[in-house]
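Thanks for sending this one over.

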Amino acid sequence: MSISIGIHDLSFATGEFVLEHTTLARHNGTQIGKYHVGIGQESMSVPAADEDIVTLGAAAAAPVIARHGTSRIRTVLFATESSIDQAKSAGVYVHSLIGLPSQTRVVELKQACYGATAALQFAIGLVRRDPAQQVLVIASDVSKYELDSPGEATQGAAAVAMLVGVNPALMRIEDPSGLFTADVMDFWRPNYRDAALVDGEESINAYLQALEGAWKDYTEQDGRSPQEFAAFCYHQPFTKMATKAHRHLLNYCGQDTDHDAVNAAIGLTTAYNRVIGNSYTASVYLGLAALLDQADDLTGRPVGFLSYGSGSVAEFFTGVPAAGYRDHLRTEANRAAISRRTPLSYAQYRSLHERSLPTDGGDHATPAQTTGPFRLSGISGHKRIYKTC
Ligand code: HMG
């Protein structure tokens, strides 16, 4: 009999601040309908000057450690495309901040927004090899585009931590997986740049082509048929993308694409991404958190996942909520992570956006802004210094 492996716990954290799209629209003269309806976004998280992928990742993971301890975790997979170092994994800083034992392997993974799904699948492989072990998967990203560019309205920041193990309390991940890779330049960020470069229209087409390819492969791997799914969690660079994607999939499968059918499949998954913005690797799993926090009982009802990372790699796979999963959700904490954010004026947002850490190797303290559990207190001799608050 095959063992059940999947997501045992899921927790997320987001930035200290929030920029409302109404504030951005007032600045750039955009009609608010374009943001609220056209791309389906209301606001986006903005990290404080003393937050980064490490502090967000540690803040997401700490509640998982508090609930389950560290004794079974022997691997940390840290997925990000907002890496802070070309050599050292951001996960090693998190390992120390959350008190994991030295008998742990820690590594960073990258393939744009797809990285966390690679981490989840690799974690399942490790657990299958030794079912006594658990793997901590952390997806943490800060999405940054140029000021006054079309991408600016699709920024955001968040981290998701998932504990992967046997007999998962939240969701079993099924074996069939549909894969797709194509070498395209739809979105990329050369090492010397802070902000991503993007061909917006090409990126949407590339996403839809990748969805089609991953779904086709999924069906060839004996996957489920579209009617079997209770809901679909898509990667959401902006929530309207989930609508476009699901309509595309239904069309491809020869199914009805009316508004109600699309909304029933994806509506609940967009609630957190709509107010957090693009959190890259974390986005599809914020979709899962929003779905589980709001849906009526989904026990035993398959949920489809489409993970897309520009460049590009996509994977379609299925998770099945476990009996009793609702007793293990973090709904209140999830809502608090969103509601606790402080709104920024446009000028405050702009000054945070334009800020970068000094590169002269000197001693520099960062302004104390975050009210989160961990902070980047400064940089000294090119070394980032983190503190528990
Ligand atoms: P844009 O040029 O600002 O907007 O680019 P637009 O003119 O295309 O308008 C957007 C939508 O708003 C359109 O609807 C308009 O009709 C509508 P659509 O035709 O798409 O259905 N609209 C309005 N609706 C209501 N009232 C109005 C109104 N005005 C216009 N008054 C774009 C938008 C998303 C391309 C831009 O923001 C961008 O380049 N974003 C970054 C790239 C991106 O997110 N791509 C998504 C796919 S790639 C991906 O998901 C990977 C990624 O996460 C990175 C990774 O993998 O690491 C990005």
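1. How many helices and strands does the chain have? There are 12 helices and 17 strands, taken as DSSP runs numbered from the N terminus (helices: H or I, at least four residues; strands: E, at least two). Please keep in mind that this is a predicted model, where local features need pLDDT of at least 70, side-chain atom pairs count only at pLDDT 80 or more, and totals for chains, interfaces and linings use all residues. Residues are numbered from 1 along each chain as its sequence is written, and side-chain values use heavy atoms, leaving out hydrogens and water.

2. On overall dimensions, the C-alpha atoms fill a box of roughly 55 × 55 × 40 Å along the principal axes. Of the 389 residues, 56% count as buried (under 20% relative accessible area, with a 1.4 Å probe and protein chains only).

3. Helix α4, residues 90-97, is worth a look, being mostly covered: 6 of its 8 residues are buried. These are A90, G91, Y93, V94, H95 and L97. Their cover includes helix α3 (53-68) and strands β4 (73-79), β5 (105-109), β6 (134-143), β16 (374-380) and β17 (383-388).

4. Do check both ends of α4. S89 caps the N-terminal end, with a side-chain oxygen 2.9 Å from the backbone nitrogen of G91. Just after the helix, G99 takes a positive phi of about 75°.

Key: Buried means under 20% relative accessible area, exposed over 50%, partly exposed in between (1.4 Å probe, protein chains only). Contact means heavy atoms within 4.5 Å. A polar contact is a pair of N or O atoms within 3.5 Å; within protein, one must be able to donate a hydrogen and the other to accept it, and residues adjacent in sequence count only if both atoms are side-chain atoms.
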